[in-house]
Amino acid sequence: MGMAEKRISVVCPWCSVGCRFYIVNVNGYPKKIEFDYDHDIRNHGKLCPKGVAAFQHLRHPDRLKKPLKRVGERGEGKFKEISWEEAIKEIAQKLSEIKEKYGSEALAFLGSERCSIEENYVLQKLARALGTNNIEYVCRMCQSTAVAGKGMVLGHPGLTNPFEDILKAKVIVLWGYNPAATNPVFFGQYIEKAILDNNATLIVVDPRKTKTAKYADIHLQPYPGTDLAIALAMLNVIITEELYDKDFVAERAEGLEELAKTVEKYTPEWAEKVSGVPAELIRKAAITFATAGTAALLTNEGVNQHANGTRTVMAITEMMVLCGYFGKEGVMSGAIPGAHNGMGAGLMGIGPHELPGRFPLHAEEHKRRIEEAWGFKIPEKPGITYVEMIDAILEGKLKALYVMGTNPAKALPNLKKAEEAFKNIEFLVVQDIFLTETAKYADIVLPAAAWFEKDGTAISFERRVQRSFKAADAPGEAKPDWEILVMLAKELGFGEYFNYSDADDILREINRIIPPLAGATPERLKKNLKGCMIPCPDENTEVPRLFVQGFLTPNGKAQLIPVEYKEPGEVPDEEYPFWLTNYRFVGHFHTGTMSHRSKSLSKRWPEEYIEINENDAKRLGIKDGDLVRVETRRAALVLRAKVTPHIREGVVAAPWHWDFNYLTTDVLDEYAKMPELKTAACRISKV
Ligand code: SF4
């Protein structure tokens, strides 16, 4: 029999850069990756180590191939195989029973930035058909503060400009963002070129001297979570030294007077005491930024994942507004989502306070429009957020959780508490490609197809919508997530609302319901593999630059809302004297469900370790490679020490992809309910 070889165009399943490449498939089996020079305008034929390894996990022996039913204790991971029919029947019956007995608010659903927009759309619709807005995804724990902060100041959270605009920026600020590790192709193809070829000045704000920071002209190394102090001091310098763009602010912003009064007290000298960064360096960074003429300011988890994250995002965004860095070429403002479809999932209404299109739940006009299209009512009461779900389970209010393609038993903060909740929940369903830490607690586990094993659409952090195509057969009886949800919807009696036969059907409904995606039709995305930048209100339109005509706030003006300083969720004291933070390896992704099962990645990045400044290590008698006990108020881990000059004294850091979250605190940001994942107080000792 001859070998049937096909080249199929796909979008990378890992980070949000959205690189495109071909999978070469032989008789349904993925054989190799080839670069797609024709359609990829983002990576120019380059891939990072994760991209090169993108299909290695697909045929891992751990792949789930049949539905499973728990036979052992929760968390033990003992299951028996059952049929799809049995699994779907049992889930529908149990969800209906719980709804009947405790009401719809006892049900909750978690979607995934790793699944397609179509799948997230179907999941939130199913939750609402069941009468609950308890629908969430992991953006709550990485981007929600950026969405809230940028939303309040600018009216839109998205990246403002296409990638190539950064090549014209005179100054680039990377704040709590290490793209050399998290978005390597964007770093290599755009940021590195802007710095090395076009002489852009680079300012980095990060407690660690990362690979990105090694390129910096100015490197500010604050204590984790004190970024807000630096942002307020930079606002102070920009305003008191009158470095702001007076015409732009007069015409396109409001609130300068109040903001100026508020930041008066936040001098660089004050910020030095709080953040540990010399006042003169803060002043220099502010002046360099404000006088550049064009600037890009990009933020990431180092800014977002704090209990003061929304305030920090607001202050940083207000720096951009004051300097008039919006609506033209050579500027860029944005917070970078971690996963390849973080932005897309959010736009589907997969939040407890949001409708599809990111309209607030109380936006009556949109609500009515969607209800008419769906044929059923959307529940009135806002749902609860991700971390609040854990408390609701422990309080006995939340009885059933349905988890699609995400791993909360590793991603949540204060993991011992989360594990307690998963042990005690009445009914837990997980659909995923592997038996994740969360799936081990489940009553029913459903085998899902991986990203390359189905058609689907994703939105990169550039706001670029792209179609990815099925490039391999799923193993055993695994099915695409949307297909599983449709089976369940039918069993629940909602068949008439979920009448989809493929991903295109779902995307067409999204085109009708979500105005910024009206023009991102299946036909357009299949014909133009480069995709389009949203909003694309019709098939001929896309919007490469946001805020050219004005901001997307109700009156079109940026809101310079005064922000006061607030400490991060936990700060060191005598008992726990070190600042603890975390970071990402270039070769791993999130909780490692896929990357830990990828041969080349797990070989090259096999384990976690804790970085300790060389002076701290000397003082504590710790040598490179020693085992060290790292303890917070919640738990302790034993990790190998990496003694380095590249982290500031008083701060220790470990990668996030393993057990880090046993150490973290679940204190929440007051606006976005983001947990304090980036900072905790800890003590360390040699084992
Ligand atoms: Fe994939 Fe991101 Fe690497 Fe591109 S940069 S290959 S999208 S992981």
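Reader: How many salt bridges are counted between domain 2 and domain 3?
Author: The count between domain 2 and domain 3 is 0 salt bridges, a salt bridge being a side-chain nitrogen of Lys or Arg within 4 Å of a carboxyl oxygen of Asp or Glu. This is a predicted model, in which local features need pLDDT of at least 70 and side-chain atom pairs count only at pLDDT 80 or more, while totals for chains, interfaces and linings use all residues. Residues are numbered from 1 along each chain as its sequence is written, and side-chain values use heavy atoms, with hydrogens and water left out.

Reader: Which domains does the assignment give?
Author: The assignment, which is automatic or from a database, gives domain 1 (5-52), domain 2 (68-140 + 340-533), domain 3 (144-336) and domain 4 (578-686).

Reader: How many residues of domain 2 and domain 3 are in contact?
Author: On the domain 2 side there are 8 residues, in contact with 14 residues of domain 3; contact here means heavy atoms within 4.5 Å. The C-alpha centres of domain 2 and domain 3 lie 34 Å apart.

Reader: What area do domain 2 and domain 3 bury between them?
Author: Domain 2 and domain 3 bury about 900 Å² between them, with 67% of it on carbon and sulfur atoms. Buried area is the accessible area (1.4 Å probe) that two parts lose on being put together, summed over both. Within domain 2, Phe 461, Glu 462 and Arg 463 supply 65% of the area buried against domain 3, more than any other three residues.

Reader: Changing topic, how many cavities does the search find?
Author: The search of the whole structure finds 10 cavities of 30 Å³ or more. On a 1 Å grid over the protein atoms alone, a cavity is a set of points where a 1.4 Å probe fits but cannot get out, whereas a pocket is an open set with protein on both sides within 12 Å along at least five of seven lines; lining residues have an atom within 4 Å of a point.

Reader: What is the volume of the largest cavity, and which residues lie nearest its centre?
Author: The volume of the largest cavity is about 440 Å³, taken as the space filled by probe spheres set on the grid points, which are joined across faces, edges and corners. Its lining has 35 residues, and Gly 176, Thr 182, Glu 301, Arg 584 and Lys 678 lie nearest the centre.

Reader: Which element supplies the largest share of that lining?
Author: The largest share, 3 residues, comes from β23. At least two residues each come from α5 (179-182), α12 (301-304) and β23 (578-583). Domain 3 and domain 4 each contribute at least three residues to the lining of the largest cavity.

Reader: What about the second largest pocket: which domains does its lining draw on?
Author: That lining also takes at least three residues from each of domain 3 and domain 4. The second largest pocket holds about 350 Å³ of space. Of its 18 lining residues, Arg 208, Thr 210, Lys 211, Glu 611 and Lys 642 lie nearest the centre. By class, the lining of this pocket has 7 nonpolar, 4 polar and 7 charged residues.

Reader: Lastly, where is the cis peptide bond?
Author: The cis peptide bond joins Ile 534 and Pro 535, with omega about 0 degrees. Pro 535 is in the loop between β21 (532-533) and β22 (558-559).

Technical notes
Helices (H or I, at least four residues) and strands (E, at least two) are DSSP runs, numbered from the N terminus. Ala, Val, Leu, Ile, Met, Phe, Trp, Tyr, Cys and Pro count as nonpolar, Asp, Glu, Lys and Arg as charged, and the others, Gly among them, as polar.
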